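Biologist: I would like to learn how to read a model of this kind, one feature at a time. Where should we start?

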Amino acid sequence: MSAREAIFSAIGRALGPAKSAAAIQAEADVLLAEPERVRPRLPEGDLVSLFEAAVTRLPPGASSERVAGLAALPGAVAAHLARRGREPALKLQPLPALQNLSWADSGAALSHEVDDRVALSMAECAIAETASLVIRSGADMAILDAFMPLHHLVALRVSDIVPHLEEAFARFDLARSRNLVIVTGPSGTTDIEGSLVIGVHGPATLHIFLIED
């Protein structure tokens, strides 16, 4: 028996006899019927504050700030880039809600290149428990915009923050979605000797603009 066969044989013994699809569905239904029994209880506080607190627990490179309405986003983006000493230029998600903002007045230049250093996306929703962002691929969202730029900026309406992952998935018709990407902090890896390295496989920084309604 090869090492591979030995490993899979051990896994098979640990799992026991294969369950039917109906049995697996029944187990899942039990968990979904009582979600509070199987997921962590969140601390006291509103969802926006809980999300902000979770961002502070992410690896270096993650940050957030509140913005008073979507119209104030271009100015907030320009100010953020200036504070970080970066060129006021970015790739914008081709979403009308973002494209129709007054970017020229903010001094920020827009680009259409996918591999720009800075890109701005709009998250479909976010999870307060883990500070995760849900981004969905579609006609107005090239998913590479979330992976290619060195610095990823994300706009998030505070009304789109949900407590847990389950509430996030409940918002989508997954059968009609090409894919959903869950982003939790900047890209990081500890593959080499357990040392955390940021920005290897994706953005090195992630800044979230919390758009207050």
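Biologist: In what order do the strands of the open sheet lie?

Modeller: The order is S1-S12-S7-S4-S2-S3, which makes an open sheet of 6 strands with parallel pairing. S1 and strand S3 (109-111) are the edge strands, each pairing on one side only. From one strand to the next, the twist averages 30°.

Biologist: Which strands does helix H4 lie across?

Modeller: Helix H4 (residues 47-56) lies across S1, S7 and S12, and runs at about 150° to S1. H5 also packs on the sheet, where it touches S1, S2, strand S4 (118-122), S7 and S12. The direction of H5 makes about 150° with that of S12.

Biologist: Take a residue on H5. Is His-80 buried or exposed?

Modeller: The label follows from relative accessible area, with buried meaning under 20%. His-80, which is placed in helix H5, has a value of 1% and is therefore buried. Leaving out residues up to four places away in sequence, His-80 touches Glu-65, Arg-86, Leu-153, His-207 and Phe-209.

Biologist: Glu-65 is in that list. With which residue does the side chain of Glu-65 meet in a salt bridge?

Modeller: The partner is Arg-83, at 3.0 Å from N to O. Glu-65 lies in strand S1 (residues 62-67) and Arg-83 in helix H5 (residues 73-83), so this pair ties together parts that are 18 residues apart in sequence. Arg-83 is exposed, with a relative accessible area of 54%.

Biologist: How far apart in sequence are the parts tied together by Glu-212 and Arg-66?

Modeller: The side chains of Glu-212 and Arg-66 form a salt bridge at 3.5 Å, N to O. Glu-212 belongs to the segment after strand S12 (205-211) and Arg-66 to strand S1, so the parts they tie together are 146 residues apart in sequence. Glu-212 is partly exposed, at 31% relative accessible area, and Arg-66 is partly exposed as well, at 39%. Elsewhere, salt bridges that share partners join Glu-36, Arg-39, Glu-166 and Glu-167 into one network.

Biologist: How many salt bridges does the count give?

Modeller: The cut-off is a side-chain nitrogen of Lys or Arg within 4 Å of a carboxyl oxygen of Asp or Glu. By that rule there are 11 salt bridges. One of them joins the side chains of Arg-37 and Glu-34 at 3.7 Å, N to O. Arg-37 is exposed, with 52% relative accessible area, whereas Glu-34 is partly exposed, with 41%.

Biologist: Now a loop residue. Where is Asp-145 placed, and is Asp-145 buried or exposed?

Modeller: Asp-145 sits in the loop between strand S6 (132-136) and strand S7 (151-157). Its relative accessibility is 2%, so Asp-145 counts as buried. The side chain of Asp-145 makes a polar contact with the side chain of Lys-91 at 2.7 Å. Between the C-alpha atoms of Asp-145 and Pro-88, which are 57 residues apart along the chain, the separation is 17 Å.

Biologist: Where in the protein chain is confidence lowest, and where is it highest?

Modeller: Where pLDDT is low, the predicted coordinates should not be read in detail. In the protein chain, confidence is lowest in helix H3 (residues 35-38), with a mean of 80, and highest in strand S8 (residues 161-162), at 98. The chain has a mean pLDDT of 90, and 99% of its residues reach 70 or more.

Biologist: What do the totals for the chain say?

Modeller: The secondary structure comes to 8 helices and 12 strands. Of the 213 residues in the protein chain, buried residues make up 38%. Among contacts between residues at least 6 apart in sequence, 71% join residues at least 24 apart. The C-alpha trace spans about 65 × 40 × 35 Å along its principal axes.

Notes:
Residues are numbered from 1 along each chain as its sequence is written. Side-chain values use heavy atoms; hydrogens and water are left out. Buried means under 20% relative accessible area, exposed over 50%, partly exposed in between (1.4 Å probe, protein chains only). Helices (H or I, at least four residues) and strands (E, at least two) are DSSP runs, numbered from the N terminus. Contact means heavy atoms within 4.5 Å. A polar contact is a pair of N or O atoms within 3.5 Å; within protein, one must be able to donate a hydrogen and the other to accept it, and residues adjacent in sequence count only if both atoms are side-chain atoms. pLDDT is the predictor's confidence in each residue, from 0 to 100. Two strands pair if DSSP finds at least two bridges between them. Axes are lines fitted to C-alpha atoms, for helices over the stretch in contact, and angles run from 0 to 180 degrees between N-to-C directions.
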